[in-house]
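Q: Could you take me through this structure feature by feature, giving the general idea before the particular case?

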Amino acid sequence: MRSFRKTWVAVAVTAALAVPVLPAATASGATAQTTACPTGWGSLAEVRATSTAKPVTNIRTGRHACYDRMVVDVPGAGRSALGYSVRYVKELRQDGSGRLIPVAGGAVLEVRAAAPAYDPATGLPTYPGRVNRPLPGVDLTGHRTFRDTRFAGSFEGETLVGLGVRARLPFRVLVLTDRIVLDVAHNWTGAR
């Protein structure tokens, strides 16, 4: 019986946490926006100093209620070998040449994956991005935060992408198995 009670309490707590936060009514009867999104993210550079020879094969984006997401797929890399550097920059510059790559938006995130976009054994590309062009297959229609993407190339085992966002907004970077995930919040307050 005791095990059943513990299970029931765990189910009840889980169900309570899954209930969405709805707008609250004010004294005037109008609804006020309630904070429902994660807060506490920042806008300072995030770095994970490790690398892999496994190549990038895809970069994709998605829309969520609280943030826009970019995912860099690196099949076979696992988690421990995936490194990155993500930071706001005044302008995006191509590695090696220093060539300016214009990125539209109110702010620019330099997204550097510590993985090549080519097969190290053959030098053949594994990702179809072209320098100074939008990321292939990425459609930003409907994104609240993302404004532009630009491929900046792959140089000495690192792949560089420019991500144009609406403004300098808080972000977080996660490493999951075989992918780097970048979430950029829709605003600073956590309101939906």
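Q: What should I know about the model and its numbering before I start?

A: This is a predicted model, in which local features need pLDDT of at least 70 and side-chain atom pairs count only at pLDDT 80 or more, while totals for chains, interfaces and linings use all residues. Residues are numbered from 1 along each chain as its sequence is written, and side-chain values use heavy atoms, with hydrogens and water left out.

Q: How many helices and strands does the chain have, and in what pattern?

A: Helices (H or I, at least four residues) and strands (E, at least two) are DSSP runs, numbered from the N terminus. Here the secondary structure comes to 1 helix and 13 strands, and reading along the sequence gives the pattern α-β-β-β-β-β-β-β-β-β-β-β-β-β.

Q: What share of the chain is buried, and what share of its contacts joins residues 24 or more positions apart?

A: A residue is buried when its relative accessible area is under 20%, exposed when it is over 50%, and partly exposed in between (1.4 Å probe, protein chains only). By that rule, 40% of the 192 residues count as buried. Contact means heavy atoms within 4.5 Å, and among the contacts with a separation of 6 or more, 65% come from residues 24 or more positions apart.

Q: Where is the disulfide, and which parts does it tie together?

A: A disulfide is a pair of cysteine sulfur atoms within 2.5 Å, and a search of the whole structure finds 1 of them. It joins Cys-37 to Cys-66, with an S to S distance of 2.1 Å, and the link is left-handed, with -75 degrees about the S-S bond. Cys-37 lies in the loop between β2 (31-32) and β3 (46-48), whereas Cys-66 lies in the loop between β4 (58-63) and β5 (67-73), so the pair ties together parts that are 29 residues apart in sequence.

Q: Are these two cysteines buried or exposed, and what does Cys-66 touch?

A: Both Cys-37 and Cys-66 are buried, and for Cys-66 the relative accessible area is 10%. Leaving aside neighbours within four places in sequence, Cys-66 is in contact with Ala-36, Cys-37, Pro-38, Ala-185, His-186 and Arg-192. The C-alpha atoms of Cys-66 and Arg-144 are separated by 9.3 Å, although these residues are 78 apart along the chain.

Q: Which loop residues have a positive phi, and where are they?

A: Most residues other than glycine have a negative phi, and most peptide bonds are trans. Glu-156, in the loop between β10 (146-155) and β11 (158-165), has a positive phi near 50 degrees, and this residue is exposed, with a relative accessible area of 67%. Asp-178, in the loop between β12 (171-176) and β13 (179-185), has a positive phi of about 65 degrees, and is partly exposed at 24%.

Q: Is His-143 buried or exposed, and what does it touch?

A: His-143, found in the loop between β9 (107-113) and β10, counts as buried at 9% relative accessibility. Not counting residues up to four places away in sequence, His-143 touches Thr-61, Gly-62, Arg-63 and Asp-68. Of these, Gly-62 is 81 residues from His-143 in sequence and 7.8 Å away in space, C-alpha to C-alpha.
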